[in-house]
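Please work through the exercises below with the sequence and the coordinates at hand. Each task is followed by a solution in steps.

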Amino acid sequence: DLHHWIIIGLQRSYEIIPAGGAHLSELLLSDIVHRASGMFVIALQMTAPILAASFLVTLVFSLLGRAVPQMNVFSESFPVRTIAGLAVFGFTCNMLAQHIVNHLNRIPDDFIRVARMFVM
């Protein structure tokens with residue numbers, strides 16, 4: 001029901017600031033930059049377990065390549081890396097869902113906060 005939250009947030013923002021009454025401010029610009037940088041932090045937090053699994057598989061296969069030089073480590077590592085990444089993704093899906101829900105629940109309040117910055 002995310003569309004309901006967005007509609008409620010938009011409706012509440014029009015209560016604070018009427019149409020045509022917005023003014024850009026330095027506070028609003030800094031908030032936009034802060035939110036944009038926050039998106040990258042959230043993306044890194046969500047992909048960190050999969051990146052760590054991929055790094056560990058690469059490390060293991062690099063050691064295996066040194067131990068068994070006849071083995072074609074490059075082509076053998078792709079399916080193992082894929083399976084390991086999917087397994088870690090499956091184990092962390094519940095945590096990812098909670099993380100996403102926490103951010104989506106803040107949408108109406110974020111609309112109000114941004115609308116107040118337009119008035120300042």
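The exercises proceed from the whole chain to single residues of this predicted model.

**Exercise 1. Determine the secondary structure of the chain and judge its overall form against the globule rule.**

Step 1. The chain contains four helices and zero strands. Read from the N terminus, the order of elements is α-α-α-α.

Step 2. For 120 residues the globule rule gives 14 Å, whereas the radius of gyration of the chain is 23 Å, so the chain is more spread out than a compact globule.

Step 3. Along the principal axes, the C-alpha atoms occupy a box of roughly 70 × 30 × 15 Å.

**Exercise 2. Describe the surface, the burial and the contacts of the chain.**

Step 1. The accessible surface amounts to about 8800 Å², and carbon and sulfur atoms contribute 72% of that area.

Step 2. Of the 120 residues, 18% count as buried.

Step 3. Among contacts with a separation of 6 or more, 81% are made by residues 24 or more positions apart.

**Exercise 3. Which elements have the lowest and the highest mean pLDDT?**

Step 1. The average pLDDT of the chain is 85, and 98% of the residues score at least 70.

Step 2. Among the elements, helix α4 (residues 107-119) has the lowest mean, 77. The highest mean, 89, belongs to helix α3 (residues 73-104).

**Exercise 4. Is Ser-77 buried or exposed, and which residues does Ser-77 touch?**

Step 1. Ser-77 is located in helix α3.

Step 2. The relative accessible area of Ser-77 is 5%. The cut-off for a buried residue is under 20%, and Ser-77 is therefore buried.

Step 3. Leaving aside residues up to four places away in sequence, Ser-77 touches Val-57 and Phe-61.

**Exercise 5. Assign Tyr-14, Leu-59 and Ile-100 to their helices and classify each by relative accessible area.**

Step 1. Tyr-14 belongs to helix α1 (residues 2-16), Leu-59 to helix α2 (residues 26-67), and Ile-100 to helix α3.

Step 2. A residue counts as exposed over 50%. Tyr-14 has a relative accessible area of 54% and is therefore exposed.

Step 3. Leu-59, with a relative accessible area of 39%, is partly exposed. Ile-100 is partly exposed as well, with a value of 38%.

Conventions:
Residues are numbered from 1 along each chain as its sequence is written. This is a predicted model: local features need pLDDT of at least 70, side-chain atom pairs count only at pLDDT 80 or more; totals for chains, interfaces and linings use all residues. Side-chain values use heavy atoms; hydrogens and water are left out. Helices (H or I, at least four residues) and strands (E, at least two) are DSSP runs, numbered from the N terminus. The radius of gyration is taken over C-alpha atoms; the globule rule is 2.2 Å times the number of residues to the power 0.38. Buried means under 20% relative accessible area, exposed over 50%, partly exposed in between (1.4 Å probe, protein chains only). Contact means heavy atoms within 4.5 Å. Accessible areas come from the Shrake-Rupley method with a 1.4 Å probe; for residues, only the protein chains shown count as cover. pLDDT is the predictor's confidence in each residue, from 0 to 100.
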